[in-house]
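Reader: Before I rely on any label attached to this model, I would like to see the value behind it and the cut-off it was set against. Could you take me through them one at a time?

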Amino acid sequence: MDEAPTPSDKRSGDPTPGGIVRGLLRSADRASLATALPGDGSTAGWPYPSLVLMAVDHDASPLLLISTLAEHTRNLLADPRAALLVDGTAGLDDPLTGARASVLGRFARDDDPDRRVRFLRRHPSAAGYAGFGDFAIWRMTVERAHLVAGFGRIHWVEADRILGEPSPPLAGREADVVAHMNEDHSDAVALYARVLLGLDGDGWILTGCDAEGVDLRLRGRTARLSFDTPVCDADEARVQLVRLARRAREQTEA
């Protein structure tokens, strides 16, 4: 008998271990960050876990907006190696049947303005402090991940199996795609949330569009809707978005 997909499998169009990790990264809006305490005192070398808001780059590389005043940032300045725990078990009766991944890599400050914009669309509340001089975007160069996708589904996965292909033509038009959908096709966005994802509430908006799907947000809630097939540019994304809207309308009329 085929194994039933986990919720994380359904969020990702790629059911391989690397695809599940990538789906977890794209779906998560927060993570547990583990860094190493520096120095030569009694706490030197101890792991230091903290909760962080997270977005991802177009290839699914994690992005954090963090302050140099924070303990975890000081840790990264001393040792850029870190791990992020991304958790896809929310809402399950037995969380241990769900997917989660420990993603290992090295962080470095990244001053690319497009990545800052992408993070702030994902987390609009962060705009209130993003301009402070001590805050900056840090990007993880992923090296590998340890995936547990339920009982007996345990894998080490290398970065080349996790990260998606960058799509510069789409990245350059992402802001236009998101603004167009929110301003001119809010009815379609509402259908994505209500019909295709089974979400309640009014006022869902798109916050991101990448090669594999779109990100949605309603106040403190986020969601992920995958495309049927990956896209390379804004025109292909439009075709997928129209197809998803048509499917949602057909389901409401059935």
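Reader: Where does A60 lie, and what makes its backbone worth a remark?

Author: A60 lies in the loop between β3 (55-56) and β4, strands being DSSP runs of E with at least two residues and helices runs of H or I with at least four, both numbered from the N terminus. Its phi is positive, about 85°, although A60 is not a glycine. The model is a predicted one, in which local features need pLDDT of at least 70 and side-chain atom pairs count only at pLDDT 80 or more, whereas totals for chains, interfaces and linings use all residues. Residues are numbered from 1 along each chain as its sequence is written, and side-chain values use heavy atoms, with hydrogens and water left out.

Reader: What makes the pair of E212 and R26 a salt bridge, and where do its two members sit?

Author: The side chains of E212 and R26 meet at 2.8 Å, N to O, a value that falls within the 4 Å limit. The pair links distant parts of the chain, with E212 in the loop between β9 (205-210) and β10 (213-218) and R26 in helix α2, 186 residues apart. Both E212 and R26 are buried. They also belong to a network of salt bridges, which includes D14, R22, R118 and R121 among its members. A search of the whole structure finds 24 salt bridges.

Reader: Why are α7 and α8 described as roughly perpendicular?

Author: Two packed helices are described by the angle between their axes and the distance between the axes. The axes of helix α7 (residues 168-184) and helix α8 (residues 186-196) come within 5 Å and cross at roughly 95°; axes are lines fitted to C-alpha atoms, for helices over the stretch in contact, and angles run from 0 to 180 degrees between N-to-C directions. Angles under 35 degrees count as roughly parallel, over 145 as roughly antiparallel, 65 to 115 as roughly perpendicular and the rest as oblique, so α7 and α8 are roughly perpendicular to each other.

Reader: Which residues bring these two helices into contact?

Author: M181, N182 and D184 in α7 meet S186, A188, V189 and Y192 in α8, contact meaning heavy atoms within 4.5 Å. The buried residues of α8, among them A188, V189 and L191, pack against α7, β9, β10, β11 (221-226) and α9 (234-253). Just after α8, G198 takes a positive phi of about 70°.

Reader: What makes a set of residues a nonpolar core, and which members of the largest one touch the most others?

Author: A nonpolar core is a set of buried Ala, Val, Leu, Ile, Met, Phe, Trp, Tyr and Cys residues joined through side-chain atoms within 4.5 Å. The largest has 30 residues, of which M54, V86, V103 and F107 touch the most other members. Its largest share, six residues, comes from β7. A second, separate core of 23 residues includes V178, M181, A193 and C209.

Reader: How is D87 classed, and what is it in contact with?

Author: D87 lies in strand β5 and has a relative accessible area of 48%, so it is partly exposed. Leaving aside neighbours within four places in sequence, D87 is in contact with L24, A99 and R100.

Terms used
Buried means under 20% relative accessible area, exposed over 50%, partly exposed in between (1.4 Å probe, protein chains only).
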